[in-house]
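Please brief me on this protein model, with the main points grouped by topic.

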Amino acid sequence: MWEHREHWVPAYWRNTFTAGMTSSQRSESMNAFFDGYVNSKTSLHEFLDASDRALVQHRKTEAEEDFKSKYSKASMKTNSPLEEEMGIFYTRNMFNIFQDELRDSTGCWYDHLSKDGAVEKYLVGPINDVKSRWVRVFYDDSDGVTVKCDCAKFEREGIFCKHILRIMDTKQLTKVPDHYMLRRWSIQAMYQVEGTISTRPQVGSSVNPFQRWCLISRWQRLVDGPGRDDNIFNRMTEFCDRLFAEEEQKQKEKQVTLEGSELPIVGSEVYSNIAVSQITEITIRDPPVAKTKGRPKNPTRLKSGIETSVSQPKKRTCKLCGEKGHYKSTCKKKGEKLPKRKRQEEGDVEEEEEEEA
């Protein structure tokens, strides 16, 4: 392990971007994906059905989170202009992380150490912490604004730490530099498909959020419905290809019409495909986070016939009236005159009990 320490000691990869993920997060997220659907006793045919139900629920939850991130307004906790800007740019999950760092920055103090030209050096740390544990922050405004912290939180996770936010507040910055706005954490980040990333600006869109949500819901019903088959998939693919071809033709006609005009394009939607080689960062969606660990307390898997029969309690039969669900001592017909056959059976039982005694 010591020979391979550069792979597991944090000091060696503190400047390596890991998106805040740990080595076991992939397995934990997969456990959370099947949480409540399968357990150690799930058979193979039950697992296939449970995995389908888990996938449908996962897509539904993801669609709801996307909708909330795009069309809900972030709740502000301070009057900082940086918080307002990040509330529009970040997804809900990343904005909550940013708010936590911004809140912690208000509890930090700083000392101005030195200034070398445009580069200033600060020592920043929490108020209730000793100075020996404070970190250095370098601020450079010679060519734009560049801020770097020794804790390297931005280099590892792609989000500002409380130390940098404290210095940015001291410098009265009202806007985050563009090179610190990572697209991977933005609301507009989309899936990567076949080596390209599709972007669609929302400027001038004539479809309101409710109509967009209804359209997405209907599309998911076609894909995940009980009657899905290859025929439906092929028809959907042909329909999409036809729509894309028509839209591309319309955009080409608009481009030819506006080539000789000096008027800006207003109220139009532009679809563009950007090659991955032209992008400096990998655009993926937010990783799922494991909310619980271990085996679920109340699994929702399908029980077999044997488990169902064993789990159901057996009902006792009353020796007095012959009905099930109660004993002779609690029978409502106790003391009533029983039929001759019943009296004979009762007498036989009493004689057997006396003989055993």
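Is Gln-172 buried or exposed? Gln-172 is exposed, at a relative accessible area of 67%, where exposed means over 50%, buried under 20% and partly exposed in between (1.4 Å probe, protein chains only). This is a predicted model, in which local features need pLDDT of at least 70 and side-chain atom pairs count only at pLDDT 80 or more, while totals for chains, interfaces and linings use all residues. Residues are numbered from 1 along each chain as its sequence is written, and side-chain values use heavy atoms, with hydrogens and water left out.

**Overall**

- The protein has 10 helices and seven strands; helices (H or I, at least four residues) and strands (E, at least two) are DSSP runs, numbered from the N terminus.
- Of its 357 residues, 25% count as buried.
- The accessible surface is about 26300 Å², and carbon and sulfur atoms hold 54% of that surface; areas come from the Shrake-Rupley method with a 1.4 Å probe, and for residues only the protein chains shown count as cover.
- Among contacts (heavy atoms within 4.5 Å) between residues at least 6 apart in sequence, 53% join residues at least 24 apart.

- The buried residues of H6 are His-163, Ile-164, Leu-165, Arg-166, Ile-167 and Met-168.
- Their cover includes H3, helix H4 (92-105) and strands E1 (108-116), E2 (119-126), E3 (135-140) and E4.
- Just after H6, Gln-172 takes a positive phi of about 60°, although Gln-172 is not a glycine.
- Gln-172 sits in the loop between helix H6 (162-170) and strand E5 (192-193).
- Ala-152 also has a positive phi, near 55°, and is found in the loop between strand E4 (146-149) and helix H5 (153-157).
- Ala-152 is buried, at 1% relative accessibility.

**Glu-83**

- Glu-83 lies in helix H3 (residues 81-89).
- Glu-83 is buried yet has no salt bridge, and the nearest side chain of opposite charge, Lys-77, is 7.0 Å away; here Lys and Arg count as positive and Asp and Glu as negative, with His and the chain ends not counted.
- The side chains of Glu-83 and Gln-99 are joined by a polar contact of 2.7 Å. A polar contact is a pair of N or O atoms within 3.5 Å; within protein, one must be able to donate a hydrogen and the other to accept it, and residues adjacent in sequence count only if both atoms are side-chain atoms.
- Leaving out residues up to four places away in sequence, Glu-83 touches residues including Phe-95, Phe-98 and Leu-102.

**Salt bridges**

- The whole structure has 12 salt bridges, each a side-chain nitrogen of Lys or Arg within 4 Å of a carboxyl oxygen of Asp or Glu.
- Arg-136 pairs with Asp-150, with the closest N and O atoms 2.8 Å apart.
- Arg-136 is in strand E3 and Asp-150 in the loop between E4 and H5, so this pair ties together parts 14 residues apart in sequence.
- Lys-153 forms a salt bridge with Glu-157 at 3.0 Å between the closest N and O atoms.
- Lys-153 and Glu-157 are four residues apart in helix H5, and therefore separated by about one helical turn.
- Lys-153 is buried at 13% relative accessibility, whereas Glu-157 is partly exposed at 22%.

**Nonpolar surface patch**

- Trp-219, Leu-222, Val-223, Phe-239, Leu-243 and Phe-244 form a nonpolar patch on the surface, with about 540 Å² of accessible area together.
- Patches are made of residues with over 30% relative accessible area and no salt bridge; like charges are joined within 9 Å, and nonpolar side chains (Val, Leu, Ile, Met, Phe, Trp, Tyr) within 5 Å.
- Helices H7 (209-224) and H8 (230-258) each supply at least two residues of the patch.
- Val-223, in helix H7, is partly exposed at 33% relative accessible area.
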